[in-house]
Amino acid sequence: MTKTDLTMNHAFVLPNSGHKFDAKASKMGMWLFLYTELLLFGGLFIVYMAYRYLNQNAFLLASFELNVWMGTINTIVLLTSSLTIAMSITALQKGDTRLSIILAFSTILAALVFLVIKYFEWGAKFEHGLFPGMDHYNSLPYGERLYFYLYFFMTGLHALHVIVGGIFIGVVIRLIRKGRINKNRISLLENSGLYWHLVDVIWIYLFPLFYLIH
Amino acid sequence: MTVAALPQTNFFQIKKGIFSWLFTLDHKRIGLMYLYSVGLFFLVAAGLGVAMRLELLNPGRDIMSPQTYNQVFTLHGVIMIFLFIIPSIPAVFGNFFLPLMLGTDDVAFPKINLLSYWLYVLGALFALSTLMYGSGPADTGWTFYAPYSVKTGTNVTMAVLAAFILGFSSILTGLNFIVTIHRLRTPGMGFNQMPLFAWSLYATSWIQLLATPVIGITLLMIVAERVFGIGLFDPAIGGDPILYQHLFWIYSHPAVYIMALPAMGIVSEIIPTFAQRTIFGYKAIAYSSMAIAFVGYFVWGHHMFTSGMSGPAAIIFSILTFFVAIPTAIKVFNWVATLYKGSINIQVPLLFALAFIFNFMIGGLTGLVLGAVAADIHVHDTYFVVGHFHYVMFGGAGFAFFGALHYWFPKIWGRMYNMRMANIAFTILFIGFNMLYFPMLILGLEGMPRRYYDYLPEFHTLNVVSTVGSWVLATGLLLMIGNLIAGYLKGKAASANPWNGITLEWQTSSPPPLHNFDKMPELTKGGPYNFPNAKSTHKK
Amino acid sequence: MKNKENITSENHEQEHVSSYSELFGTWAALIILTGMTVFISISGANLRTLTIATALLIASVKALVVGFYFMHLKFETRLYRIMIIIVMALFTFFLIMVILDYLTR
């Protein structure tokens, strides 16, 4: 008797099998993962809060170095990308695969725009020598150093999430094209959407904390 | 070859070869791979522990230099915490038995389960790599306190990255269990018909999920601080080391419950089976697991009473700490009440469960001493803490782990170990354990500080007792492991249900078939521990 | 067979499909809130604590809008709302206890 026979003859399958696809389990798993992401950034928010309290004037002074307009544009770009991925889900639910792909693709485009703007923002800071370890940075008072350190750490980690989210959506687009994600099996697209919205939510907090509190 | 012979094909036989194990999606095989890995690291770290006790046999230098001693106790802590206790019960017995107890054939995400195991291996390799290069493993203690962890020349970066990866593995296991419990319970099994082990895993998983990310990011900050040489926690450059301690203990205190809660779940399984009667206060035990998980988030500050935290914060944390005692005591009273008037069948698993209660009581009550600000200030960072900690972790979680191993051994391997030998090994283990750790409580009260390779001459006698205890303990451990291996190799065949248990895992053959059940498992009416032939019920 | 049907019917429970206009409205609200928070920040530079509070308040309203409409929390079962409330409550507690230590040190 061969191995396949052994498994093939195993006719009985439990109704609640872990090997069956379960859309609800998939969604719940994604949400649980989002909680861990929230608390990952949460640790950084705790650090931000403690050091903002200890160095109020330094944080205020340092925050004027950031360009509010670039931040605002980036916020709008991200919010719009959230809209397009949400619409992409609706499109696929309604069965319009083509529109769904176009919308998901525009989310990736928005992610790229976000990263390009971020690149110029960071570039300007590098020119001023504000990256941790650079000469100008080292001449700043401690409070301002902490501010820039946290700025680079938090927006950097966020940018990393933007990249990961973009790749995730890219994979999802490929699977929609192959038909593996479709009207009846939409979980992965929904999950990529959830992840993308989380990236958005984190930025919603980062934006005022670093750019707006003057 | 007839179809009727098929139920005899268990999950060991269905596929052979090393790759059928390494890339298996079967929760039982993943659980066993965890068991072998975790067991290996336990032996390594226990060996380091024995070496430390040997160094402390006499005042002054015996077998290692102060620096080596610092590295040994750090390695002992890191391995025991991150590579043994945290994954031990959830990843080994949780993986193996949670789906069986819920009457399903696997966890909700089998691939993520395998990923979680491989992340564990990767993390272990990172941790072991610190031995190989530079100035050796970290010497900071397992807590990696800043600013020392930022300044020391030992391989802290690698050790910290190892903890980060292991944390990720732990998160994925927790995530998997929560979804499994929500989605894969057998039809008819509500949350309140779940075995208590599943409840304890549910509570544990929430801790793994919500606490671990905080330490992940904290450890990344330590890495960044070391690699880029710029400070978040070093006071010399504007940081605040107490903030590191806050972040560290926001994870690491709940992590203590990651270790203890599943152990309580195991005891809640063993006791009704060997008392042959329904558990007293099912809901109280189930919900107290959730309560411990919940309250466990609010008490981290009690590790920091002497660190320079503010007085009011210390008092609030101290008060909150006492609340943990309530759900813990509820459990203990319910276990004892379950035994009362039961038809007690004294077997090794029950002995381990009783030893758990005994040790955990000592651990828990000394914990209250440490939880009170005024008392803690006197015994902080003394051997009292070491004793307390090991009573909870080793005497509690460790003994429950061994108990579970003896309880489920016939189910996992379909064989039985030698009972007489198991009893002897247990007795030696129990005596050795108390001989090793009880003197530490006294030494701590007398003022012997921890984490030194040396001590004043007046502490000599008790240190000798403790070191001899470590030898007794090691003997017991080796006997126990030898007995289990002998049972695995040539023990006599065990029936599907040798202890007459009634949770669902006992309804399938031993070892279980690949898909766990060949027919629908049947739920017992009136709760998971409603023994049909019980002599008495708890109804008045 | 009967059980199998149960499982599939459970999976076919009607998912909420957001209409394009609903999503577009959500987006418009988020943009308006962003405009508000930027405006307050630029014009109200003298009211420091007020700007922190309003900035965080507006951010939280935005996060709720994203969560409820884009992430479908509004249309999920109660379980999801309970879970997120517990997670956020825990995190808020962390913030409160840490800042309490600093405020009273």
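The buried residues of helix 15 of chain B are covered by elements that include helix 2, helix 11 (348–371), helix 13 (383–413) and helix 14 (419–446) of chain B. Since everything described here is taken from a predicted model, these packing relations belong to that model. Helix 15 itself runs over residues 460–490 and has 31 residues, and from its first C-alpha to its last it reaches 45 Å, close to the 45 Å expected at 1.5 Å a residue. The buried residues of this helix include the polar Asn463(B), Ser466(B), Thr467(B), Ser470(B) and Asn483(B), the glycines Gly469(B), Gly476(B) and Gly487(B), and also Leu473(B), Leu477(B), Met480(B) and Leu484(B).

Helix 2, one of the elements that cover helix 15, spans residues 27–55 of chain B and contains Tyr34(B). Is Tyr34(B) buried or exposed? Its relative accessible area is 1%, and because buried means under 20%, Tyr34(B) counts as buried. When neighbours within four places in sequence are left aside, the residues in contact with Tyr34(B) include Gly39(B), Ala91(B), Val92(B) and Asn95(B), and among them are also Ser116(B), Tyr117(B), Tyr120(B), Ser169(B) and Thr173(B).

The largest nonpolar core has 299 residues, and the residues with the most contacts inside it are Phe93(B) and Trp408(B). Domain 1 (18–71) and domain 2 (75–105) of chain C both give residues to this core, so it lies between them. Setting aside residues up to four places away in sequence, Trp408(B) touches Phe93(B), Phe97(B), Met101(B), Phe197(B) and Ile266(B), as well as Glu505(B) and Trp506(B).

Chain C, then, is divided into domain 1 and domain 2, and the centres of these domains, taken over C-alpha atoms, are separated by 21 Å. The secondary structure of chain C consists of 4 helices and 0 strands, so that, by the DSSP runs used here, its elements read α-α-α-α from the N terminus on. Of the 105 residues in chain C, 36% are buried, while the accessible surface of the chain comes to about 6,000 Å², with 70% of that area belonging to carbon and sulfur atoms. Among the contacts in chain C with a separation of 6 or more, 54% are accounted for by residues 24 or more positions apart.

Note on methods:
Residues are numbered from 1 along each chain as its sequence is written. Chains are lettered from A and ligands numbered from 1 in the order in which they are written. This is a predicted model: local features need pLDDT of at least 70, side-chain atom pairs count only at pLDDT 80 or more; totals for chains, interfaces and linings use all residues. Side-chain values use heavy atoms; hydrogens and water are left out. A nonpolar core is a set of buried Ala, Val, Leu, Ile, Met, Phe, Trp, Tyr and Cys residues joined through side-chain atoms within 4.5 Å. Buried means under 20% relative accessible area, exposed over 50%, partly exposed in between (1.4 Å probe, protein chains only). Domain bounds come from an automatic or database domain assignment. Contact means heavy atoms within 4.5 Å. Helices (H or I, at least four residues) and strands (E, at least two) are DSSP runs, numbered from the N terminus. The expected span of a helix is 1.5 Å times one less than its number of residues. Accessible areas come from the Shrake-Rupley method with a 1.4 Å probe; for residues, only the protein chains shown count as cover.
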